Amino acid sequence: MAKKAAQKLSAALVFRKEWIFDPGPDVLGLNRAALAKVNQLKTAFTKNVNEVIKQGQG
Amino acid sequence: MRQPIPLRAIQQGHPDTGRGRDTSRPVMLVGFQHQGNLGLGYLTSVLRQCGYDVRVVDIEQDPEEIVKTAREINPVLIGFSLIFQFYVGGYGELVRSLRTGGIRSHFTMGGHFPSLSYEQTLEIIPELDSVVRFEGESTLVELTDAVSTGRDWHDIPGIAFVREGQAIATPARPLVEDLDLLPYPERNYQPDAVLGRSIMPILASRGCARTCSFCSIHTFYRAAPGRMVRTRKPAEVVREMRMLHEERGITIFLFQDDDFPLFGPVWRRWANEFVDELHRNHLPGKVIWKMNCRADVVERELFLRMREAGLYLVYMGLESGSEQGLKTLHKQITVEQNVRAVDLLKSIDLMWEYGFMLLDPSSTFESVRENLAFLRTIVGDGCLPVTFCRMLPYDGTPIKDELVRSGRLRGDVNNPDYDFLDPRLADFYEGLTSVVNVRGWIHGLEAVTLQLSTAWHEVAVMGRLFPSLPGMATYTKTLRRITRKSNHLLLGIVEDLSYTFSDGKENPWVPEEVEDSRKRILEEFITERDAFVYKNEAILLEVLGQPCS
């Protein structure tokens with residue numbers, strides 16, 4: 001039910017956590033563009049590691 | 001010395017101030033755009049009234065894109081709006097990228113930090129040609145006029161610049177006396193929305209009469225000539241709201257006033273007139289609004305009236321639950337007043353949120369525990385998530401000056417910091433950040449606090465802008481249970497850690513386990529939320545006039 005709900009929700013009703021986002025000082029002093037890139041790299045890294053593990057198990 | 005441009009001339013779209021203007025090249029304004037940037041919006045409107053084409057650029061864009069835009073439009077002037085001191089380094093990088101990218105426009109910067117600390121700003125970012133100090137509407141027009149026609153601009157009031165290695169400030173320009181003479185801010189962007197309801201920021205006043213020691217707002221307004229707090233006419237504010245509602249479909253207004261006009265008999269009268277105007281314009285029931293205030297202005301009768309007129313969310317800077325902390329922060333308020341305000345808002349079923357500083361320069365382990373007890377008192381029931389931060393000593397604040405005097409200021413302009421009186425508190429804070437991912441729990445998009453706060457905002461919006469939803473009471477109860485669980489866990493961790501560092505008690509918390517708990521809370525919350533919204537999708541979409549998927 002929950003997964004179905006999340007997948008099927010109309011775009012207008014999807015939970016938008018960013019709308020009241022209050023940007024605070026970043027501990028690393030990174031600008032937002034740099035943070036976004038770091039997060040992208042982290043996601044890609046996790047994906048790659050998982051892929052390697054999956055292949056290794058196969 | 002030149003006389004400033006009369007604001008009325010700007011308001012009336014006066015084509016020329018008598019000293020010439022070349023509008024053939026555009027102006028580029030760069031700033032933070034989240035939730036709309038009213039400061040840039042007002043500057044844009046004023047410049048456009050004077051005939052300038054203005055391009056507003058989001059600072060969060062890829063810097064290469066910003067350089068590319070500047071190359072394409074070849075602006076006569078680029079104005080950088082710095083609203084957070086800790087971004088000064090990032091802005092400096094962008095400014096350097098623009099210069100090394102061959103952009104030769106006049107570079108200027110405005111905002112609280114550049115206004116109050118223009119010497120440091122010009123030193124950190126030497127590529128800047130000038131700083132526009134304090135309220136910038138008239139100064140920026142005059143500066144652009146001078147630069148566009150090649151005239152000398154160094155004697156324009158309200159600016160600062162470097163000459164022969166020395167930072168020089170011209171006399172400060174008076175604050176805008178009559179805010180209603182300003183055009184409405186430019187809002188040429190797609191508004192944010194929550195549950196399909198569009199949101200816009202708006203201003204009813206500028207300035208703050210209070211004197212909190214950690215805040216630079218009052219020093220910003222005190223440093224310039226003119227009345228510190230100016231309010232718009234209630235009818236003018238409501239006229240703008242009505243226009244935005246009718247023309248743009250805006251139903252949620254976020255008042256961004258430094259301190260919404262409620263303090264003292266004059267401003268209470270203002271607030272009552274504002275409520276009357278909303279009713280006269282038949283806006284209650286169609287729009288809702290949020291405002292920021294202090295706890296000592298919360299009173300039953302007025303807040304009930306405002307609630308009936310659409311007030312749905314009250315932000316209060318409570319800041320401390322310790323009398324010593326409140327004194328240090330010069331809040332001129334008591335813990336009891338803070339608690340009373342919270343209780344009153346709860347009793348009239350008005351949603352609220354709060355700012356809170358767990359640690360400040362006067363902190364001790366005792367005050368930390370007082371603060372935790374206070375947080376348990378106000379949100380232990382799960383009505384809102386726990387949130388807190390550590391006070392940071394920003395430029396222009398009395399508390400930073402005091403820390404300098406006492407030799408406790410540390411860090412730099414990008415990361416201002418200070419020594420605690422009890423050095424073990426620094427270890428405690430470091431321990432806290434390593435056990436609880438403070439950014440993951442309190443700050444940032446993935447934070448529990450942010451997501452649960454947003455969920456409570458949604459509940460308030462659902463309750464005020466949608467018809468009664470089946471299952472709402474159960475969902476609210478569930479959300480309260482999840483929030484209570486999260487609060488209990490977080491407060492327990494902080495308290496246990498305080499004893500670890502003060503009394504040497506064993507730390508029972510393992511970072512990985514805490515992180516797992518955080519993730520489980522978030523998963524449980526989003527599952528419940530999506531299931532509830534999905535069940536009510538048809539009703540919600542019908543109100544929004546959208547077809548059901």
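B:Asp296 lies in the loop of chain B that runs between strand E13 (288–293) and helix H11 (300–308), where helices (H or I, at least four residues) and strands (E, at least two) are DSSP runs numbered from the N terminus. This is a predicted model, in which local features need pLDDT of at least 70 and side-chain atom pairs count only at pLDDT 80 or more, while totals for chains, interfaces and linings use all residues. Residues are numbered from 1 along each chain as its sequence is written, and chains are lettered from A and ligands numbered from 1 in the order in which they are written.

A residue is called buried if 20 or more other C-beta atoms lie within 10 Å of its own, exposed if 12 or fewer do, and partly exposed in between, with C-beta atoms placed from the backbone. B:Asp296 is partly exposed because 18 other C-beta atoms lie within 10 Å. Once its neighbours within four places in sequence are left aside, B:Asp296 is in contact with B:Ile333 and B:Gln337, contact meaning that the C-beta atoms of two residues, placed from the backbone, lie within 7 Å. The C-alpha atom of B:Asp296 is 51 Å from that of B:Ser24, a residue 272 positions away along the chain.

Apart from residues up to four places away in sequence, B:Ile83 touches B:Gly31, B:Phe32 and B:Gly111, whereas its C-alpha atom is separated by 19 Å from that of B:Val46, 37 residues apart along the chain.

Helix H7 (residues 137–148) of chain B is mostly covered, with 11 of its 12 residues buried; among them are B:Leu140, B:Val141 and B:Leu143, together with B:Glu137, B:Glu142 and B:Asp145. The expected span of a helix is 1.5 Å times one less than its number of residues, so the 12 residues of H7(B) should span 16 Å, which agrees with the 17 Å between its end C-alpha atoms. Just after H7(B), B:Gly150 takes a positive phi of about 75°.

At the level of domains, whose bounds come from an automatic or database domain assignment, chain B is divided into domain 1 (7–169) and domain 2 (190–537).

E8(B) runs antiparallel to strand E9 (residues 197–202) of chain B and is joined to it by 2 bridges, with B:Val194 standing opposite B:Arg197.

Chain A, by comparison, has 2 helices and 0 strands, and of its 58 residues 3% count as buried.

Note on methods: Two strands pair if DSSP finds at least two bridges between them.
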